[in-house]
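Here are my notes on the model, point by point. Please read them with the structure open.

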Amino acid sequence: MRRFLNLCFKNRVFNKTPPHLETSSIDIMEKPPTSNAHEEDTLHPQGLGANMEAQPSTSNADTISLLSESPNNEPMDSRYPPASNNIILNHDFSGGLHLWHPNSCEAFLVSQETTRPKGLTDKLSAPFAIITKRKQQWQGLEQDITDRISPFSVYNVCALVGISNGTPENQEHVLATLKLEFEDNSVRYLFIGRTCASTEHWEKVEGTFSLSAMPRRVVFYVEGPSPGVDLLVKSVVISCNSFSQCESDKQTCALSDGEENIIQNPRFDDGLNNWSGRGCKIALHDSMSDGNILPVSGKFFGSTENRTDYWNAIQQDITGRVKRKLVYDFIATVRIFGNNISTANVKATLYIQTADLREQYIGVASVQATDKDWVQLKGKFLVNGSPSRAVIFLEGPPPGTDILLDNLIVKRAAKVPPASPPVVENAAFGVNVIANSNLTDGTNGWFPLGNCNLSVGNGSPHILPPMAKDSLGAHEPLSGCYILVTNRTQTWMGPAQMITEKLKLYLTYQVSAWIRVANHASKPQNINIALGVDGQWVNGGQIESSDDKWHEVGGSFRIEKQPTKVMVYVQGPEAGVDLMVAGLQIFPVDRHARFRQLKKETDLIRKRDVILKFSSSDSATLVGTSVKIRQTQNTFPFGTCINRSNIDNEDIVDFFTKNFNWSVFENELKWYWTEPQKGNLNYKDADDLLNLCANHNIQLRGHCIFWEAESSVQSWIRNLNKDNLTSAVENRLAGLLARYNGKFKHYDVNNEMLHGSFYQDRLGKDIRAHMFKTASQLDPTATLFVNDYNIEDGCDARSSPEKYIEHILDLRAQGGPVGGIGVQGHINSPVGPVVRSALDKLGVLGLPIWFTELDVASDNEFVRADDLEVMLRESFAHPAVEGVVLWGFWELFMSRDNAYLVNAEGDLNEAGKRYVALKQEWLSRARGRIDEQGKFEFRGFYGVYEVEVEVANDVSKEKMVKASFVVDKGEGPIVISINL
């Protein structure tokens, strides 16, 4: 899955003397997963591969959490809280240097009225503090914050800093640090964040920190440049994630750990009591590595010893202390040591054993730990059932590398306040943010990225690319001019523009252009419209070109927090291949205008004229009789994935059974789950889920018989030779399809064949068609699907609709009975015309299309709701789409963060409310009176209905008669007779 990168704080532990500060680059760590899911249907990175050298990234996420610049080039952060939320007093030096103190150096204020020191640029707006006469790197500016923080709370830090009189050839780093003074007079230093400072503009130092114990004194300070270099500080903000929670914590900070934290002896004050090793030994330390490793929160820390496997861990049994259906925060301070390993993944896992001895391992958190600093490991978890045993443990590094644990907190998570919808003013829908897009002014507004050459040529299309036309409607013709890019010596070289100030937060932007490879290339070329957002690569669309024709590139993106710099550029072909770009458009889309259009299209393809023809013993009395019609079920399939642990939570089951009529098992039918070791079969979890669905008349998709991604193939399968692998494949087909014959309406036969080739590489190309043919013979009632990702969003040349069509036709040519097209639908910032274009192309095959794993993600639940509505409306309005299955709905049980519809403790968020509202919108209602022909006519969605008719009789003069009927899919009016 696509994960955002996040700057995680790192703890530096020093004893009494401030450190010699290093000048290494900022450490970026992967955001810890918070999902309770056993396993993910992994969305692999979708960049252009190793040949894409510009803007390297481990994520192609289209939603970015970054900062921007104000008109005077000062970074602004939308996360800055009101002054009352900032625990730093006089944070912007509006009160001079009040409450700020220089640390063994001197400081003075530069205001708008004072004369600036010689050599100090006017680009840095006043007021700000200058810290001068610095003789040590650790000398800087500090403020005592002891009375304004509390243990267990998580604080965000953002300081705007700069330097003066530094030398351009040397990088100067500025650090944010906490100084912690304890009752025993010991001093510890906690590193928060670092940035490379500039003499020309303000830079940001960012990070987070949390204290598991309250020192006697806490001092925040800014430090770091080389001796003799003046340090400049514009402002400092330290805010709690939830200010109300911080205030609550202050009131309760006198509580002992046992009253809040369910972990016993969390800082090892009582030695190793309550702690144990998981397959290894554990030890207690007051220091290690000749005093270079010291505890950060107390006097001791624990560690593993003699680890011989990845799962060896330090653990604590928390049976009886963790309650079901409650969300817990997990916060630990960890590092690694030994075996010459400098970095390794440390994971927190919760082991659950149920009363019937069923076992479950819940992934809680993950962090890239180092052997140099303490880092914080954070996550959340929820237990669905009532465990007979619960154990929390830390695992992950290679054998021989030990895990060091300073402290651990597991406590009830605070309620997150409801989000607000974003406010966007002057959206300017449909207005292109690209300057000189038609090249009527030559290459003005454009610049070459790298040492390539840009020139203007003639002969490109005059019409808008179809996806852009679908959004923009009537539009003036393009000029026919294009940018010709020559002398490209790197894949990332191409035309570029800066568009920072032209983008608005929370708007979804559509990207469109005509692209062509200008000279003959030896192989197909990937071409990508990319955005560099403060150094992070964002995918705006991607195609593969193997000819000299013009191709449409279409994609989308959204920015949710202000960036400092945004650059759009076109890249991709190999060095030496010339590139042509025409009519580049980037514009915000009016989603609600499209929704109005989709409602009309939905009415045409999902509804039917209905004629109810009533009869009774006295038909004459029916004329004028009141009729009320209510649809009870729309037969269009709306489903979701579930997993075995979900059914232990009655709240999850209740929402599931009330809101979905189809389902798929998240992992429980996959081969690695049903046969993790050879001959060790596990169908019990799948059987439990199947029984639940059968009891509620919920239809099932079988996901999946095989999975081509090698990372998802269990080790015993990977180790088989060709003959044994062939035999295992046959056994898998026979065993699974015989056991569940007729139980699953669909099967994903071989998952993600466009992105993986494990079986094909080992057994030959024919194996894929053979899997389909054999599955069809063993269960002829099931529809057999292909299933893959990045089909619908324009972001992956490997899985474009054209590539998918070619793949399906190839399977069918080999005799593979492909009966359906699975489009997974893990999508960011969807744009209707881009999705519709993919569906239209796939629709020419005449096969049913299903969205099989749909999810959308945004930090803001209102934006997430809009994304979900885009996908549901586009699906429901397209005649080739015959079903939509969500990839989960409950927080902590989804493979993507911020994609859930219901929070972990059962509250429906805006995305969930939108889903329920759409389901209600797609249920027809009508009322009126029977006409003289004994008829009542209306237009309604396909599905099941109830009708109520008031019929007169001799006794009570009238009575209410109810009947049910079904409107089947079909063309022309349907006549339904109802005898009263």
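1. How many helices and strands are there in the chain? There are 15 helices and 52 strands. Both are DSSP runs, numbered from the N terminus: helices are H or I with at least four residues, strands are E with at least two.

2. A word on the basis. This is a predicted model, where local features need pLDDT of at least 70, side-chain atom pairs count only at pLDDT 80 or more, and totals for chains, interfaces and linings use all residues. Residues are numbered from 1 along each chain as its sequence is written, and side-chain values use heavy atoms, with hydrogens and water left out.

3. The chain as a whole. Of its 980 residues, 58% are buried. Buried means under 20% relative accessible area, exposed over 50%, and partly exposed in between (1.4 Å probe, protein chains only). Take the contacts between residues at least 6 apart in sequence: 79% of them join residues at least 24 apart. Contact means heavy atoms within 4.5 Å.

4. Helices α9 and α11. Helix α9 spans residues 722-739 and helix α11 spans 766-778; their axes come within 10 Å and cross at roughly 30°. Axes are lines fitted to C-alpha atoms, for helices over the stretch in contact, and angles run from 0 to 180 degrees between N-to-C directions. The two helices are therefore roughly parallel to each other (angles under 35 degrees count as roughly parallel, over 145 as roughly antiparallel, 65 to 115 as roughly perpendicular and the rest as oblique). On the α9 side, Val729, Glu730, Leu733, Ala734 and Leu737 make the contact; on the α11 side, His770, Met771, Thr774, Ala775 and Leu778 do. By class, that is seven nonpolar, two polar and one charged residues. Ala, Val, Leu, Ile, Met, Phe, Trp, Tyr, Cys and Pro count as nonpolar, Asp, Glu, Lys and Arg as charged, and the others, Gly among them, as polar.

5. Helices α4 and α13. The axes of α4 (residues 591-606) and α13 (residues 832-843) come within 11 Å and cross at roughly 35°. Arg594, Leu598 and Glu601 of α4 meet Gly832, Pro833 and Arg836 of α13. This contact has two nonpolar, one polar and three charged residues.

6. Arg873. Look for Arg873 in helix α14 (residues 861-876). Is Arg873 buried or exposed? Its relative accessibility is 4%, so Arg873 counts as buried. Its side chain joins that of Glu869 in a polar contact of 2.8 Å. A polar contact is a pair of N or O atoms within 3.5 Å; within protein, one must be able to donate a hydrogen and the other to accept it, and residues adjacent in sequence count only if both atoms are side-chain atoms. Beyond four places in sequence, Arg873 touches Phe595, Leu598, Lys599, Leu918, Glu921 and Trp922.

7. Glu668. This residue sits in the loop between β40 (662-665) and α6 (671-674). Glu668 is buried, at 0% relative accessibility. Its side chain reaches the backbone nitrogen of Arg644 at 2.7 Å. Glu668 and Arg644 are 24 residues apart in sequence.

8. Asn384. The loop between β24 (374-382) and β25 (389-395) holds Asn384. At 4% relative accessibility, Asn384 is buried. A polar atom of its side chain lies 3.0 Å from the backbone oxygen of Ser645.
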